[in-house]
Amino acid sequence: MTQANPEVTVKIGGVTRTLPSARAGSMGRVPLVEFIGDSEFTRAVAREMLVMIPEGTEVLLTVVTNALPLAHELSHVSGLPYECVRKKRRPYMQDPIIQDAPSMTLGVAETFWLDSPHAARLKGKQVAIVQDVISSGGTAQTLARIVERSGGTVSGYLAAFRQGESALSLPFKYLEKLPAHI
Ligand SMILES: O=P(O)(O)OC[C@H]1O[C@H](OP(=O)(O)OP(=O)(O)O)[C@H](O)[C@@H]1O
Ligand SMILES: Nc1ncnc2[nH]cnc12
């Protein structure tokens with residue numbers, strides 16, 4: 001008998017979480033990863049991700065929203081600075097890099113924004129892209145394009161979780177695999 005809305009349990013760095021099943025656009029139901037509001041899990045995951053940072057990395061780059069606490073914590077444990085791409089234009093932005101992101105896993109096409117003072121901190125730097133979940137790889141590719149447009153070089157792609165198989169063409173590292181659908 002198939003179970004209605006099954007859950008997925010993960011254990012990372014000694015911390016166990018049961019991920020609820022959530023409906024995600026055309027993906028159907030996926031195991032929902034939430035770092036926001038969960039500092040214990042975020043810290044445990046960041047500590048485990050530390051060894052995944054490629055040698056020579058000078059800056060971490062992430063995008064709001066759910067990956068932000070993870071990148072913040074990874075910055076703290078690694079001692080590396082981080083930058084964060086926005087998904088909304090803010091009134092104080094000056095000459096931002098504007099990059100359209102493809103329709104992503106959750107079915108929402110978005111525009112990414114990186115203000116020029118932050119883009120300047122990627123120039124000439126080895127930049128590791130940090131994500132909570134990598135699914136289609138669309139977010140990773142969009143962030144890589146922003147690194148390139150800022151004059152930096154991508155040193156690697158790091159994610160806490162890989163969901164499904166569709167991001168195979170990107171050379172990323174991850175801690176745990178999640179099913180594409182539950
Ligand atoms: O590999 P992809 O198919 O691009 O999917 C992965 C992205 O999807 C999620 O972001 P989401 O759109 O849920 O935004 P949020 O973090 O603002 O909630 C997640 O945080 C990744 O950034
Ligand atoms: N499993 C997941 N949890 C949170 N955000 C996601 N975006 C794509 N897949 C996701």
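This is a predicted model: local features need pLDDT of at least 70, side-chain atom pairs count only at pLDDT 80 or more; totals for chains, interfaces and linings use all residues.
Modeller: Local features here need pLDDT of at least 70 and side-chain atom pairs pLDDT 80 or more, while totals for chains, interfaces and linings use all residues. Residues are numbered from 1 along each chain as its sequence is written, and side-chain values use heavy atoms, leaving out hydrogens and water.

Colleague: Why is Thr42 called buried?

Modeller: Buried means under 20% relative accessible area, exposed over 50%, and partly exposed in between (1.4 Å probe, protein chains only). Thr42 has 3%, so the word is buried.

Colleague: What makes Glu73 and Arg43 a salt bridge?

Modeller: The term asks for a side-chain nitrogen of Lys or Arg within 4 Å of a carboxyl oxygen of Asp or Glu. For Glu73 and Arg43 the closest N and O atoms are 3.4 Å apart, so the pair qualifies. Glu73 lies in helix α2 and Arg43 in helix α1, so the pair ties together parts that are 30 residues apart in sequence. (Helices are DSSP runs of H or I, at least four residues, numbered from the N terminus.)

Colleague: How do you know whether Glu73 is buried or exposed?

Modeller: Its relative accessible area is 13%, so Glu73 is buried. Arg43, at 34%, is partly exposed.

Colleague: And what makes Arg145 and Glu148 a salt bridge?

Modeller: Their side chains meet at 2.8 Å, N to O, so they pass the cut-off too. Arg145 and Glu148 are 3 residues apart in helix α4, about one helical turn. Glu148 has 52%, so Glu148 is exposed.

Definitions and conventions: Chains are lettered from A and ligands numbered from 1 in the order in which they are written. Helices (H or I, at least four residues) and strands (E, at least two) are DSSP runs, numbered from the N terminus.
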